[in-house]
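Please open the structure in a viewer and keep the selection panel at hand.

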Amino acid sequence: MVIERRRVNVECLKPEAVLPYELRVLDFESAMQDVYDFFYDVNVHLTGKGLGRLEDTLRKANLSGTLSDMLTASLAKHSRTLVQNRYHNGHPDLVVRGVYPNDAVKSGEKGVEIKSTLKKGGAVDTHGAREQWFCVFVYQVDDETEPAVEREPLRFTEVYLAHVTPDDFRRNERGELGTRTATLHQAGVAKLREGWVYLDRGGDGTAS
C-alpha cells in the first residue's frame, strides 16, 4: 500500500477571518498539517506491518475524540496566547495563558472549545449550552473504496469558529439513562458557519 501524505489546501483558507485571542489563520493550517503528518507517519508504520490504517481501525467516536485532542494540542503549540486547559475535562479546551491558576479551570470563559465531527456543516453535540468561542473541525474518512489499499487519507473539509451563547443551542433530552446534550439550532449553526476559517468541499481540493 502506498500511503499519501495529505497537504492542507491553502487556497481554501480564509485570510481575512476575524479570530479571537491573537489566533492566526496560519495556526489552523499548521494544526491540520500536524494531524496529516501524524496520520502519514503512523499509517506508513502500520501498513508496513500488514495492518490497517489508523482511521480504519478506530471507531468513529474514538477517532473524533482523538482528532479533537490532537488539534487542541497543536493549536496550543502554534498559538501566541492560548494553552491547553490543564484541568481534566475542563472547559474550554484552550484557555488564555495566565488567566487561570496553573492554566487550569473546570469551567472558564476565556478560551476556545474544540470539537471535530464527520457531520457536514459542523452541527456537533456538546455537553451543555454555554457562552463560548466554539471551534469545529469537520473531516472526511474514506471507508468505502475497495480495495482498501486505494483509500484516500483523512481530509479536513471545514473549519468554523464563532462566539455563541446559550440561546444559540437546543437541548437534547436522552431519557433517564442518557446524558443530556446540546446542539446548535438552525440559527446557531448559521452563526457558526459565518465564522468559517477553512472550506474544502470539493473532491479535487477546491473551495466551494
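The stops below move from the overall fold to the nonpolar cores.

This is a predicted model, in which local features need pLDDT of at least 70 and side-chain atom pairs count only at pLDDT 80 or more, while totals for chains, interfaces and linings use all residues. Residues are numbered from 1 along each chain as its sequence is written, and side-chain values use heavy atoms, with hydrogens and water left out.

**The whole chain.** From the N terminus, their order is α-α-α-β-β-β-β-β-β-β-α-β. Helices (H or I, at least four residues) and strands (E, at least two) are DSSP runs, numbered from the N terminus. Along the principal axes, the C-alpha atoms fill a box of roughly 45 × 45 × 35 Å.

**The main core.** Next, select Phe28, Phe137 and Phe156, which touch the most other members of the largest nonpolar core, a set of 34 residues. Such a core consists of buried Ala, Val, Leu, Ile, Met, Phe, Trp, Tyr and Cys residues joined through side-chain atoms within 4.5 Å; buried means under 20% relative accessible area (1.4 Å probe, protein chains only). Elements giving two or more residues to this core include α1 (25-48), α3 (60-78) and β4 (132-140). The largest share, eight residues, comes from α1.

Terms used:
Buried < 20%, exposed > 50% of the residue type's maximum accessible area, 1.4 Å probe, protein only.
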